[in-house]
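Please look through the model shown here before reading the report. The notes after it are meant for a reader who has not seen it before.

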Amino acid sequence: MEFEPPYLFPDYRSTLLRAPQRTLVRLPDDWFEMAPGPAFGRIPVRPEDADLTRQHAAEPLGERIIVTGRVLDSDAQPVRHTLVEVWQCNAAGRYVDPADQHPAPLDPNFTGAGRCLTDGEGRYRFVSVKPGAYPWKNHHNAWRPAHIHFSVFGPALASRLVTQMYFPGDPLQAHDPIFQSVPDPRGRERLVAAFDPEITEPEWALGYSWDIVLRGHGATPVET
Amino acid sequence: MSPTPALPAGEGVKGPTPSQTVGPFFGFAMPFEDGPQAAGEGVRVEGQVLDGAGEPVPDALIEVAHDSQFARCGTDAEGAFHFVVAKGLPFLEVTVFARGLLRQLPTRMYFPDQLAAHAQDPVLRLVGDRRDTLIARDEGGALRFDIRLQGAGETVFFEI
């Protein structure tokens, strides 16, 4: 089975007028792996960008969480010093984005956007609060499972990835067309973080681990 | 209950993480200061993202890149985006993200002042008779590059 979602997935209604109808043009093998990825260096990354609970005067409401893992290439080699961006709604299920009209409260102490660079072992780490579920108008009584949006660059055009991380044991996943658009159940499993008692910090925050595997090989040539 | 031991490097990894849509609510997070401005002075490119009904797509995110040049711009209520890149580039790698796109759509924008060089371009040769969708139009002062996701005049996108 296929691990990537199709462009046209009618259960997710927004795909109907946005999925291309023409066959995508196939470039020679490895084309996107050989093409260097975007030079993301203009995107500012400050140390405080990795802690979404300390961007305002006080702490946001919600379950404090630590989300960490490694960014790897398809050979399981670490992708070092690459940019990871995250964004999410608050603990009540509301995005700070003005386009979000869900009548749940905004949290004056939470924006929900973060950035960090992976370290020398390909590791990223964010502190945040667990995002809430929220309704959307895709179909009657549609609710998105809790998720954090991730954007990762990597070394090649092939490795550029925008995806969503989900939380273990969320019953809404079974009803969510965006999550279910990944055909292979093993692929859907790759989108779900694991609760990790090793990452959990006593009296402070729940820990989740989630590794991200980018398309492509040879992410980290041997340093000389 | 004993804690699960940490996996050694490479263990438990089964393949690439699937893509998911950028969704509609990235506008507070993904744009960055001067994101569309890859070069102080250069070529300004303007365009619009349109869906299969010809309607503007107000929640798309466009990234363009070539060598050290990188720009990012979200579309506005009219589906419009713009960026400024250095002069003299042959083409830009363009990536489209949007609500309703479960995966990104890669394409290219070619500069119209370098058509002679484009005659031998391996990508344009593969594209064939739909190549015009990849060539920006010179509108005097700015280049125009619209992205049609579906239907008449659909932009050529590449399989990634």
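## Basis and confidence

This is a predicted model, in which local features need pLDDT of at least 70 and side-chain atom pairs count only at pLDDT 80 or more, while totals for chains, interfaces and linings use all residues. Residues are numbered from 1 along each chain as its sequence is written, and chains are lettered from A and ligands numbered from 1 in the order in which they are written.

The average pLDDT (the predictor's confidence in each residue, from 0 to 100) of chain A is 95, and 97% of its residues score at least 70. In residues 220–224 of chain A the pLDDT is below 50, and this stretch has 4 contacts beyond near neighbours in sequence; a contact means C-beta atoms, placed from the backbone, within 7 Å. Where pLDDT is low, the predicted coordinates should not be read in detail.

## The sheet in chain B

Chain B has an open antiparallel sheet of 4 strands, ordered E3-E2-E5-E6. Strands are DSSP runs (E, at least two residues), as are helices (H or I, at least four), numbered from the N terminus; two strands pair if DSSP finds at least two bridges between them. Strands E3 (69–74) and E6 (105–110) of chain B each have a single partner strand, so one side of each lacks a neighbour in the sheet.

Strand E2 (residues 60–66) of chain B pairs with E3(B) over 6 bridges in the antiparallel sense. B:Leu61 lies opposite B:Gly74 of E3(B).

## The contact between the chains

Chain B brings 55 residues to the contact and chain A brings 62 residues. On the side of chain B that touches chain A, E2, E5 (91–98), E6 and helix H2 (122–127) of chain B give two or more residues each. E5(B) gives the most, with 4 residues.

Technical notes
Contact = placed C-beta atoms within 7 Å.
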